[in-house]
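In this notebook I record what I looked up about aromatic rings and their surroundings. The entries follow the order in which I took up each topic.

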Amino acid sequence: MINPNMEQQLLEEKKQSISEEILRDCRNELYLNMRFLDVALSALRFLRDDGIPFLATDGSNLYYNPQQLMQTYRQSKELVNRAYFHALLHCLFWHGFLQESRGTVIRREKECWDLACDMAVELMMDTLYLKCIHRPKSRAYQEAAMWVQAEVLSGDKASAGSLTAQKIYRSLCAAHFPPEQLCAWKEAFSADDHQYWYRKRPNMPTRPRQKEQWEDIREKMQTEMELFSKEAGKSSQVLQMQLQAANRKRYNYREFLRKFAVLQEVMQVDMDTFDYIYYQYGMQLYHNMPLIEPLETKEINQIQEFVIVIDTSMSCKETLVQKFLDQTWAILKESESFSRRIHVHILQCDDKVREDVLIERPEQLEQYRKNFTVTGLGGTDFRPPFAYVEELRQKGEFHRLRGLLYFTDGYGIFPVKKPDYDVAFIFMREDYQDVDVPPWAIRLILEEEDLEDMK
């Protein structure tokens with residue numbers, strides 16, 4: 001007579017063996033259809049977890065519920081393929097790591113973040129048009145996809161390559177949808193469980209280490225897609241653009257702006273060069289008479305003279321311009337970088353210079369920021385501001401012009417001749433395509449998240 005416990009154990013082992021065979025079969029099919037996924041597909045180990053609804057991942061393992069996995073596989077092999085790929089995209093784009101930088105969030109924000117991540121990867125998979133990951137779209141799914149197209153992408157299908165979980169998350173939080181609608185959308189887009197994103201477990205690689213591993217995988221994946229673009233096909237262009245966006249180098253705008261500062265001496269106690277040993281020795285030897293005292297002046301880098309040009313053509317969004325100005329003002333007002341005597345010209349320009357505002361006192365910055373309105377909305381030509389600045393220099397408006405910051409979308413005519421001061425073109429680009437910036441100019445590409453993270 002067979003022991004019931006032994007029989008149950010054998011049954012569970014068979015379930016686990018069948019489940020892992022199903023996952024290996026799905027992994028092979030995904031690889032055959034998308035060979036650029038070879039490294040990513042081999043990065044997740046299969047582990048059983050009967051406490052999850054279906055699938056889940058923590059960046060190192062792919063957890064599965066055997067009963068639900070076999071039931072879904074009998075229903076549709078494509079659903080398992082899609083769920084596997086869904087979890088893999090979460091890892092590639094750090095969705096499980098990005099939420100940690102947001103700190104403690106209330107329940108509604110967590111739900112919005114989870115939904116935004118699911119919507120981002122599901123809509124990305126729809127652009128691949130592959131039979132192996134196809135699934136029927138529910139009415140709620142189609143409704144949500146239409147909302148993303150209209151609100152997040154502003155109706156521009158060409159910008160689908162810039163669709164990120166962060167953008168969807170901000171739009172979801174701003175829209176204030178009723179809970180029942182969010183629940184319907186969550187059911188339509190959910191393919192895996194996110195509980196491992198928020199769970200800390202021992203004997204696991206650290207989050208920074210995991211991020212480095214997936215960053216390396218993502219870079220290799222982009223390289224392979226670029227080298228074998230014909231094999232990848234046109235349908236994978238959106239995924240390739242997403243990889244380019246995620247892989248591009250991040251810049252610290254605060255440190256970048258400080259490059260336009262000049263070294264000067266100010267009336268300030270310099271404790272960095274003060275030697276406490278001689279000070280203490282004098283106090284002990286001569287009784288309250290130090291041999292050395294701190295210097296009353298200090299050399300620091302401060303921003304005094306430079307020009308900010310704002311591209312006010314119709315292709316630039318006023319909200320992004322406002323965020324750029326807000327962060328620029330916040331950096332300039334720092335005590336260590338902002339000089340009390342300043343001379344900053346703020347130009348608004350489309351195909352001609354529309355406005356010139358001179359800032360000479362710190363309080364004027366705040367006043368200008370609060371009352372800022374876009375002027376222009378015409379075409380784009382980068383040459384008029386440089387000619388205008390040269391006229392100001394000839395009139396003696398500048399004595400030590402350090403540089404010029406040009407906030408733009410990049411679509412315009414660049415000047416041919418290099419000026420004798422530093423020039424930086426700052427792009428708030430959402431399609432991440434290279435811009436033909438002159439070799440003598442500095443190019444800095446920011447996205448909305450870069451400015452949000454500095455708050």
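Entry on charges over rings. I looked up Lys-137 and found its charged end over the ring of Tyr-141, at 5.7 Å from the ring centre. I then turned to Lys-211, which lies over the face of Trp-94, 4.7 Å from the centre of that ring. I note that the model is a predicted one.

Entry on aromatic pairs. I looked up how many aromatic pairs the structure holds, and the count is 17. I examined Trp-147 and Phe-177, whose ring centres are 5.2 Å apart. Their planes stand at 75°, and planes over 60 degrees apart count as edge-to-face, so I recorded this pair as edge-to-face. The pair links distant parts of the chain, with the two residues 30 residues apart. Trp-147 belongs to helix α7 (residues 139-152), whereas Phe-177 is in the loop between α8 (165-175) and α9 (179-189).

Entry on a stacked pair. I next looked up Tyr-406 and Phe-425, which form a stacked aromatic pair. Their centres are 5.4 Å apart, with 20° between the planes. This pair, too, links distant parts of the chain: Tyr-406 is in strand β8 (residues 403-408) and Phe-425 in strand β9 (residues 422-428), 19 residues apart. Both residues, Tyr-406 and Phe-425, are buried.

Entry on a cluster. I found Tyr-406 and Phe-425 again in one aromatic cluster, together with Phe-382, Phe-386, Phe-414 and Trp-440.

Note on methods
Residues are numbered from 1 along each chain as its sequence is written. This is a predicted model: local features need pLDDT of at least 70, side-chain atom pairs count only at pLDDT 80 or more; totals for chains, interfaces and linings use all residues. Side-chain values use heavy atoms; hydrogens and water are left out. Rings of Phe, Tyr and Trp (its six-membered ring) pair if their centres lie within 6.5 Å; planes under 30 degrees apart count as stacked, over 60 as edge-to-face and the rest as tilted. Helices (H or I, at least four residues) and strands (E, at least two) are DSSP runs, numbered from the N terminus. Buried means under 20% relative accessible area, exposed over 50%, partly exposed in between (1.4 Å probe, protein chains only). A charge sits over a ring if NZ of Lys or CZ of Arg is within 6 Å of the ring centre and within 35 degrees of the ring normal.
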